[in-house]
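Please look through the sequence and the model shown here.

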Amino acid sequence: MDNIAKWSQWPADLHQQPDQIKRQFSAAEPKNQPLELDDKTLTGIFAGSGKKPYTTTLGKCTCNDFVKRKLPCKHMYSLAHQLGYTELHAAANDYDKSMTILASYPSTNGWGNWHPGIHKDWTQKERYKRTFEAGMTVKSLLVNEQTAVINGYNVNLKECTCPDFNERKYPCKHIYRLAVELGILEKPLDEAPRYQVSSEGTMFVIKIK
Ligand SMILES: [Zn+2]
Ligand SMILES: [Zn+2]
């Protein structure tokens, strides 16, 4: 097998899946660069979570992630990138990473046609948590039509007329509130906020480290 074939054994569309994009973001981090790189055997040595380093090739890796999933881990992406076989997804900050990952989810037949994975993203969790914040008003709730007017915005499960939805095209707090009102989602539990919303508006959410 020639060297190129070793990386091309992975189908190209695999690298566009959400869980693979996350690993490519990790692969770009300084801490995930190889300690040693052998460009003849196409093998890299990476720092492990324990004492023993990982041995990585373009086809496999000794880390737990590869052993469990049998799909490229962050070490394999880092190695493939170092050897010039692949570009990595790049993002300027956590918010941009989220937007890239969100865009990689296909639509489904679930509520609002949203993929369930979307709601697990930290930018979406933050919006869901704000569905009962002070001052939220729900009017004209139509259960059969699955619509309402929330804070003056026209909301259905797929769309909202608010600036946040208009900017991002992913569920805003109004869409999540409607889903709670319709019994599709549970009311969020009260939790200490893990994220801080900037005073500039609803568009950007800053992750508290
Ligand atoms: Zn690995
Ligand atoms: Zn909205």
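Predicted model: local features only at pLDDT ≥ 70, side-chain atom pairs only at ≥ 80, totals over all residues.

Residues are numbered from 1 along each chain as its sequence is written, chains are lettered from A and ligands numbered from 1 in the order in which they are written, and side-chain values use heavy atoms, leaving out hydrogens and water.

**Zinc ion (ligand 1)**

- The protein donors of this ion are Cys61 (SG), Cys63 (SG), Cys73 (SG) and His75 (ND1), at 2.1 to 2.3 Å from the zinc. Donors are N, O and S atoms within 2.8 Å of the metal (3.2 Å for Na, K and Ca); water is not among the atoms, so sites may look incomplete.
- The site of the zinc ion (ligand 1) is tetrahedral, with angles of 108 to 112° among its four donor atoms. Four donors count as tetrahedral if all angles lie between 85 and 135 degrees. The ideal angle for four tetrahedral donors is 109.5 degrees.
- Along the chain, the donors of the zinc ion (ligand 1) have the spacing C-x1-C-x9-C-x1-H.
- Cys63 lies in the loop between strand S3 (54-56) and helix H3 (64-69), and Cys73 in the loop between H3 and H4, so the pair ties together parts that are ten residues apart in sequence. Helices (H or I, at least four residues) and strands (E, at least two) are DSSP runs, numbered from the N terminus.
- Cys61 counts as buried because its relative accessibility is 5%; buried means under 20% relative accessible area, exposed over 50%, and partly exposed in between (1.4 Å probe, protein chains only). Cys63 and Cys73 are both buried.
- Helix H4 (residues 74-82) has several buried residues, including His75, Met76 and Tyr77.

- Cys162 is buried, with a relative accessible area of 1%, and Cys172 and His174 are buried.

**Annotated spans**

- An unreviewed UniProt entry places the feature "domain: SWIM-type" at residues 46-84 and 146-183. UniProt positions are given in the numbering used here, feature names are shortened, and annotations may be inferred rather than shown by experiment.
- Residues 46-84 are 38% helix and 10% strand, and residues 146-183 are 39% helix and 21% strand.

**Strands S4, S5 and S6**

- Strand S4 (residues 138-142) and S5 run antiparallel and are joined by three bridges; two strands pair if DSSP finds at least two bridges between them.
- Four bridges join S5 to strand S6 (residues 153-156), and these strands run antiparallel.
- Val149 in S5 stands opposite Lys139, and the bridge partner of Val149 in S6 is Asn154.
- The hairpin of S5 and S6 has two residues between the strands, and Asn151 in the turn has a positive phi of about 50°.

**Loop residue Lys187**

- Lys187 lies in the loop between helix H8 (173-181) and strand S7 (195-197), and Lys187 is exposed, with a relative accessible area of 53%.

How values were computed. Tetrahedral: all angles 85-135°; square planar, octahedral: opposite > 155°, others 65-115°.
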